[in-house]
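Subject: Structure handover

Hello,

Here is the structure for your files. My notes on it follow below.

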Amino acid sequence: MRILVLHGPNLNLLGQREPGIYGHLSLDAINEALQSLAVELGGTLNIFQSNSEGALVDAIQGAIGACDGILINPAAYTHTSVALRDALAAVSIPFVEVHLSNIHRRESFRHHSYLAPLAVGQICGFGLDSYLLGLRALFNQIKIPHH
Ligand code: DQA
């Protein structure tokens with residue numbers, strides 16, 4: 001099982017960035033935890049972070065024929081990006097959307113996701129666990145698809 005893990009804008013600053021909201025873990029620490037879980041589940045990860053919307057679109061397009069699933073924290077592009085939504089629709093690879101914070105109890109502009117209607121599911125509010133739960137759910141979904 002090959003999974004593309006995508007981290008959107010400003011997530012490279014995790015650890016220093018608004019730790020009261022996003023916690024003290026660095027992106028490297030999150031990626032290490034994901035790698036360990038992938039080994040346990042018997043899969044391989046291709047991990048990519050970008051602050052640029054176009055680079056994320058290119059990474060999604062690059063997953064065609066190369067990845068079985070996508071785990072994505074689109075960060076601020078969650079709330080703005082028709083381009084990311086269209087890229088995910090175009091490749092039709094199952095994906096899970098994750099967020100460290102609970103976007104539904106924050107500012108109202110964070111309540112809407114352009115991606116969520118196309119996702120297998122969305123997990124938010126659990127910090128690192130959002131990613132780990134999302135990866136597990138994605139693996140299970142690909143192994144035993146429900147739709
Ligand atoms: C985030 C939530 C977004 O609203 C925000 O723009 C982020 C991070 C999260 O992981 O909680 O950058 O996706």
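Predicted model: local features only at pLDDT ≥ 70, side-chain atom pairs only at ≥ 80, totals over all residues.

Strand β1, residues 2-7, runs parallel to β2, and 6 bridges join the two.

Both strands belong to an open sheet of 5 strands, paired in parallel and ordered β2-β1-β3-β4-β5. The edge positions are taken by β2 (44-49) and β5 (121-124); each has a single partner strand, so one side of each has no neighbour in the sheet. From one strand to the next, the twist averages 20 degrees. Helix α2, residues 27-41, packs on this sheet and touches β1, β2 and β3 (69-73). The direction of α2 makes about 165 degrees with that of β2.

Now the ligand. The residues that surround the ligand are Arg 17, Tyr 22, Asn 73, Ala 75, Ala 76, His 79, His 99, Leu 100, Ser 101, Ile 103 and Arg 110. Sorted by class, this shell holds 5 nonpolar, 4 polar and 2 charged residues.

Which residues place a polar atom by a ligand oxygen?

- Arg 17: a polar side-chain atom lies 3.0 Å from an oxygen atom of the ligand.
- Leu 100: a polar backbone atom is 2.8 Å from an oxygen atom of the ligand.
- Arg 110: an N or O atom of the side chain is 2.9 Å from an oxygen atom of the ligand.

As for accessible area, the ligand taken alone exposes 320 Å², and the protein buries 99% of that.

Regards

Key
Residues numbered from 1 in each chain as written. Heavy atoms only, no water. Near = heavy atom within 4 Å. Polar contact = N/O pair within 3.5 Å; in protein donor to acceptor, adjacent residues only side chain to side chain. Areas by Shrake-Rupley, 256 points an atom, 1.4 Å probe, with all protein chains shown as cover. Nonpolar A, V, L, I, M, F, W, Y, C, P; charged D, E, K, R; others polar. Pairing = 2+ DSSP bridges. Helix = DSSP H or I, 4+ residues; strand = E, 2+ residues; numbered from the N terminus. Axes fitted to C-alpha atoms, helices over the stretch in contact; angles between N-to-C directions. Contact = heavy atoms within 4.5 Å.
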